[in-house]
Amino acid sequence: MRLLKICALLCLCVAVSGCKFVVLNPSGDVAGQQRDLVLISTVLMLLIIVPVMAMTVYFAWRYRQTNTSARYEPEWHHSTRLELVIWAAPLLIIICLGALTWMGTHLLDPYRTLGRIDAGRSVPANAKPLVVNVVALDWKWLFILPEQGIATVNELAAPVDRPISFRITSASVMNSFYIPALAGQVYAMAGMETKLHAVINKPGVYEGFSANYSGAGFSHMRFEFHGMTAGDFDAWVASARAHGGTLNRARYLELERPSEKEPVQRYANVDPDLYKAILNMCVQPGKMCMSEMMAIDAKGGLGLAGVNNTLPLMYDKYGRHPAAFASLPSYVAGICNIEDLDIRMPGALAAPRKMTPVFGAGLKAPALLPAWPPRRSTLADTRSSS
């Protein structure tokens, strides 16, 4: 029996040795505060759980059937002191947990700018955060550093004790950006931007990954995060500028295609509008940005004229998307008159399209030709005729 206990203990030690306690021993101040929140909450809950477990064993042992010396009171039904203990202790713990959760929710809000470097140092008034634009791809991570003008794939570095401002989005499905040693996880979603503010306090190499399942290559969607001194970070940026290529929209569309176990890549030059185009889902040439479409919708939309301003498109996402106005996929190509649109996208209007007559209240039906557009008309003409 003793040998069996020893073997079980050794098996447990071997299993635990494979665990990483980075969450309980982080190197970033935000992750450190989150760890403290977890530990304090656990201790507060144990103040109830431990006595309850102990008393369960005690009562089971003391009032067992064979213990004839225990007091037997079948008519007992109330004790004021016991009621106070049963209700007061949990109530106090819930109040403490509520206050702790409320403060932690606000102080550790990922959108909140940092107020301190660590427990003993505040963020200097003139401190400028390192801005990092994060894009979750299938199945890799793209990091764009606009201030440095560089970009990397599956590798990121930041100077120690400098606030970091992450701007996070996705090019396709939802992912979760997570560096356990730095801060908590934040979701990355296409067409949306989430934020995270953090700081790394110790030099080292830390693991980052996606904490949200996103398909076949999810297991390999990992990267290295380097905490460096200011000098080492400058050298890392200089190396990227010296040996990296150029990341423009055409190169991004190639990078965006699904791939697994992608090696580290560095880009010395980045299109300054690339991240904005990714966020607004308009990297493809001629495609209207989501922000422009939202601005149009906020002003009431295009009305009937906008129906005529849609063009078929093979969407560059490895498949056809359903269309509202044609058998092929469609999207709004631009806000301009027909002449300007034909100049910007030659041949886009070559395919004829039949129009359904539109009747206005008390207005004469507009004259429609069998094929469109042999006669070129402007959006203003369409509005006036409808």
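**Helices, sheet and side-chain links in a predicted model**

Modeller: UniProt, in an unreviewed entry, lists residues 37-61 and 82-103 for "transmembrane region". Keep in mind that this is a predicted model.

Biologist: What is the chain doing over residues 37-61, helix or strand?

Modeller: Residues 37-61 are 100% helix and 0% strand.

Biologist: Okay, cysteines then. How many disulfides does the structure hold?

Modeller: One. Cysteine 282 and cysteine 289 form it, with their sulfur atoms 2.0 Å apart.

Biologist: Is cysteine 282 buried or exposed?

Modeller: Cysteine 282 is buried, and cysteine 289 is buried too.

Biologist: Why call that disulfide right-handed?

Modeller: Because the torsion about the S-S bond of cysteine 282 and cysteine 289 is about 70°.

Biologist: Switching to the sheet. What's the strand order?

Modeller: The order is β10-β7-β3-β4-β5-β14-β13. Those seven strands form an open sheet with mixed pairing.

Biologist: Which strands sit at the edges?

Modeller: β10 (194-198) and β13 (245-247). Each of them pairs on one side only. From one strand to the next, the twist averages 30°.

Biologist: What packs on the sheet?

Modeller: Helix α4, residues 230-243. Helix α4 touches β3, β4, β5 (150-153), β13 and β14 (265-270). The direction of helix α4 makes about 80° with that of β14.

Biologist: Zoom in on β3 and β4. How many bridges join them?

Modeller: Five. β3 covers residues 130-137, β4 covers residues 140-145, and the two run antiparallel.

Biologist: What is the bridge partner of leucine 137 in β4?

Modeller: Lysine 140.

Biologist: On to charges. What does the salt bridge count come to?

Modeller: It comes to 10 salt bridges.

Biologist: What about arginine 71, which residue does it form a salt bridge with?

Modeller: Glutamate 73. The closest N and O atoms of that pair are 2.3 Å apart. Arginine 71 counts as exposed at 63% relative accessibility. Glutamate 73, at 39%, counts as partly exposed.

Biologist: Which residue does glutamate 207 meet in a salt bridge?

Modeller: Arginine 222, at 2.6 Å from N to O. This pair links distant parts of the chain, 15 residues apart. Glutamate 207 is in strand β11 (residues 204-210), and arginine 222 is in strand β12 (residues 222-228).

Biologist: Last one. Which residues are linked in a network of salt bridges?

Modeller: Asp118, Arg121 and Asp161 are linked that way.

Technical notes. Residues are numbered from 1 along each chain as its sequence is written. Side-chain values use heavy atoms; hydrogens and water are left out. Two strands pair if DSSP finds at least two bridges between them. Helices (H or I, at least four residues) and strands (E, at least two) are DSSP runs, numbered from the N terminus. Axes are lines fitted to C-alpha atoms, for helices over the stretch in contact, and angles run from 0 to 180 degrees between N-to-C directions. Contact means heavy atoms within 4.5 Å. A disulfide is a pair of cysteine sulfur atoms within 2.5 Å. Buried means under 20% relative accessible area, exposed over 50%, partly exposed in between (1.4 Å probe, protein chains only). UniProt positions are given in the numbering used here, feature names are shortened, and annotations may be inferred rather than shown by experiment. A salt bridge is a side-chain nitrogen of Lys or Arg within 4 Å of a carboxyl oxygen of Asp or Glu.
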